[in-house]
Amino acid sequence: MTTPVADVVQLIKHNASLFHDLNSEHVWPYMISPDDTSQTDAILVVSELPRRGHTYGNGVPISERRRIQLTFYYPRDWSGDMEGLEHQIQSFLIDQNYYCYSNAGHTITPDGQSLTNTLKFNFIKELV
């Protein structure tokens, strides 16, 4: 059984050709690899958020409401279309039954001066 993060990372990596300005080698689970030091490409990190509860049938959990988040990191002088890339991935994930409920907006990190944005998604994981 795989984790929700592994599922989403694989979905995005296997379909990276659909996303303009995203290379599959820059999609990471939980944290950016120390080896990924790109100063020119967008980097995407997928992580989990707390679960939201279960749906029961005859006293047995049959599904659970889960959450994941995608954090985009862009070089400060990146010339790509941030909103376009985020929209492409959001639309793709909607087709996979992941629904965006939060878009934090773009900010600049104080440490590395990268532009970032975090999108949060709900989804249902069937248990039976």
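Guide: A residue is buried when its relative accessible area is under 20%, exposed when over 50%, and partly exposed in between (1.4 Å probe, protein chains only). In this predicted model, local features need pLDDT of at least 70 and side-chain atom pairs count only at pLDDT 80 or more, while totals for chains, interfaces and linings use all residues. Residues are numbered from 1 along each chain as its sequence is written, and side-chain values use heavy atoms, without hydrogens and water.

Visitor: What percentage of the residues in the protein is buried?

Guide: Of the 128 residues, 38% are buried.

Visitor: In what order do the elements of the protein run?

Guide: Helices (H or I, at least four residues) and strands (E, at least two) are DSSP runs, numbered from the N terminus. Here there are 2 helices and 6 strands, arranged from the N terminus as α-β-β-β-α-β-β-β. The C-alpha trace spans about 55 × 30 × 25 Å along its principal axes.

Visitor: How are contacts between residues at least 6 apart in sequence to be read?

Guide: A contact means heavy atoms within 4.5 Å. Among contacts between residues at least 6 apart in sequence, 56% join residues at least 24 apart.

Visitor: Where does V128 lie, and why does V128 count as exposed?

Guide: V128 lies in the segment after strand 6 (115-126). V128 counts as exposed because its relative accessibility is 75%.

Visitor: How far apart are the mean positions of the positive and negative charges?

Guide: Lys and Arg count as positive and Asp and Glu as negative, with His and the chain ends not counted; each charge is placed at NZ of Lys, CZ of Arg, CG of Asp or CD of Glu. For the 9 positive and 15 negative charges of this protein, the mean positions are 14 Å apart.
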